[in-house]
Amino acid sequence: MQFQTFGAATVRLFRFGQGRPLLWLHGFEGHPGDAPFLKRLAETRLVIAPEHPGFGESDGLAAMHDITDQALHFRRIIRALGVRRIDVVGHCLGGMFAAELAAISPHLVRRLVLVNSYGLWDDANPLPDAFSLPPPAFAAAKWAKPETAPAATDDPMTRQRNLGSATKFLWPIPDRGLTRRLPYIEAPTLVLHGTQNGLIPPAYGQRLASLIPNAAFQAIEGAAHMPMIEAPEAFDHALGSFLGAEPEFRGR
Amino acid sequence: MKFHWFAEASYPKLPADFRARKISSWVDTPKALHDPHVVGEMCRMFIRLMQQADRDGFDGLAVNEHHQTPFAVTPSPNLLAAALAHTTQRAAILIIGDSLALYNPPTRVAEEMAWLDCLSGGRVIAGFVFGTPMDSVFAYGIPPAELRDRFEEARQLILKSWAEQEPFAFNGKYTKLRYVNLWPKPIQPKFPIWVPGSGSVETWDLCIENDYCYGHLSFSGLHAAKPLVDAWWEYCDMRGADTNPHRMAFTQLICCANTDAEAERLYTDGVKYFYRNRYTNPAYEAPPGYRSSKSVQAIMGHRKIAESKLSAEDRARAASGEMSFWEYDKHGFIIAGTPERVRQRLREMCTDLRIGQLIACLHQGDLPEEVAVENTRLVGQEVIPGLRDLWAEHEDRWTPAATHLPLAKAAE
């Protein structure tokens, strides 16, 4: 991990493995650090996982006036990597960012994977308010099997800061106009969604896939919001086949 | 020492089992639980009481802004202020305050306060608030990540719109206006400005850097308030700021009667109703990002001191309306009894906390109007005159000049 400055934001940049580069954009609860699912990806790929401005130890949120600034921030990171095109995987809030990036900079994204992504809103099927769910209800929505879910290890103050920063793009309604921009995505796209996701119902993933010109939807059984932890084999397999180099699965 | 009349305009007819059912009193409280005719009656009552307070010697009439709650049915304080500005003569119209981040464009605040200043003959105190999380974040949908930034931009725009004599353009992050040109302009060349807070260090800096009056507006009792107020004054000292007591406002529930026994008989139900029905879904009270990490840490420190004075069990009893009347009094949630006793206890508290602006809450919960009438009369006529000497040596720059003159005459 190293700190790196991109414009007005100085963020933590995690790098794992080597090979064809892959940009991982994390979700609204915070950066996963050196999580096993990133390590598994890093067996065959160079994984670049920046922390978002305003999360953890990274600053620069004040410079992100809107979602366009945020998407351009990732464009700047890709440019700094010196690669022509890159695979982008975004989870949750990171999925919303990844889709925005792919829409406004289609030339930079080789393949796009959106895992349990925010960014849409359906009046007929409103999302639960993730910011006010009591912890047990939050866990029940986040995990398919909350009773066996790994215990939260994040520091409460950091968690407050992360979620607070996430409100910039997710509160009060996590719709910043992505629906209008999805048709601009050119990258082949895989939309992954945990079938038991209580934070974002799978119908949201299906709708996302239907609005992106070249996208496939794939449900992941036995998982809710964190399929890379709850269904690692299915997750790695889906990601590997789509991105073209399936990493060998070695368990959790 | 100045005294301002205030009441949370609590809806008075919530069902008896409201608290037992654990219904949140804010944000998503079922609308079926209220009758708009009762709200109308209640509003008329508060207007009558504040008109009386104006006659009975209070220095200000305080109105506040809350949304989607039976705890205080005052979505627009400026509306209530308009009714008062027109029908009172002497007291300041203390708007405490308008939630700056919730007005679009924020020049609405500048216009309405200026208009009220005209209507009242220069009696407006301009209060700027962030709003509780329930109001600003949940009811009005402002992302916590933007709340302070929006407040600050709105504040700059409002101040400039009052000060500038020529039309100007404003190119903000959230508000863009080609022509800002206020009609009317306020009577007061410079509004006294108050900003209430709940212990955020950033709010203290704002008050210190701009010579605002800071308000600690809470009902959680003296034990909870004292560490915060002490910390505020220490912070002022540390920053070399003016520690004039008149730059600090504080709310206090007061229950005054001719005898202590009568106070208990008259006010017990209202006080218990007030505390019992304030339960709010905890998630609505502390959304992530509403406070900075620095402030969360500071506030936790104050809370620890408070908790050493009042046990968790007692706090829970107080919050659920289960303390006895005199326990509420003992722990400073209320100050009750004869005018003599109330005067004495207020003197102790205001001296100890160094408070120059007391926001006296003289109606609580579902208190009958006639009790609040007597409370207002006793406090106005028998308590306040005996406390005028307190802090008299300090200049009060935080109330309108128009409200000072008659007061000086009264003192002669």
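Visitor: What percentage of the 412 residues in chain B is buried?

Guide: Please note that this is a predicted model. A residue counts as buried if 20 or more other C-beta atoms lie within 10 Å of its own. In chain B, 51% of the 412 residues are buried.

Visitor: How compact is chain B?

Guide: One compares the radius of gyration with the value that a rule for globules gives. Chain B contains 15 helices and eleven strands. Its radius of gyration is 20 Å, close to the 22 Å from the globule rule for 412 residues, so chain B is as compact as a globular protein of that length. Along the principal axes, its C-alpha trace spans about 60 × 55 × 50 Å.

Visitor: In which order do the strands of the sheet in chain A stand?

Guide: In chain A, eight strands form an open sheet with mixed pairing, in the order E1-E2-E4-E3-E5-E6-E7-E8. Strands E1 (2-6) and E8 (215-220) of chain A each have a single partner strand, so one side of each is left without a neighbour in the sheet. From one strand to the next, the twist averages 25 degrees.

Visitor: How many bridges join E1(A) to strand E2 of chain A?

Guide: Five bridges join them, and the two strands run antiparallel. A:Phe6 stands opposite A:Ala9 in E2(A).

Visitor: Which strands does helix H7 of chain A lie across?

Guide: Helix H7 (residues 202-211) lies across strands E6 (109-115), E7 (189-194) and E8 of chain A. The helix runs at about 165 degrees to E8(A).

Key:
Residues numbered from 1 in each chain as written. Chains lettered and ligands numbered in written order. Predicted model: local features only at pLDDT ≥ 70, side-chain atom pairs only at ≥ 80, totals over all residues. Pairing = 2+ DSSP bridges. Helix = DSSP H or I, 4+ residues; strand = E, 2+ residues; numbered from the N terminus. Axes fitted to C-alpha atoms, helices over the stretch in contact; angles between N-to-C directions. Contact = placed C-beta atoms within 7 Å. Rg over C-alpha atoms; globule rule 2.2 N^0.38 Å. Buried ≥ 20, exposed ≤ 12 C-beta atoms within 10 Å, placed from the backbone.
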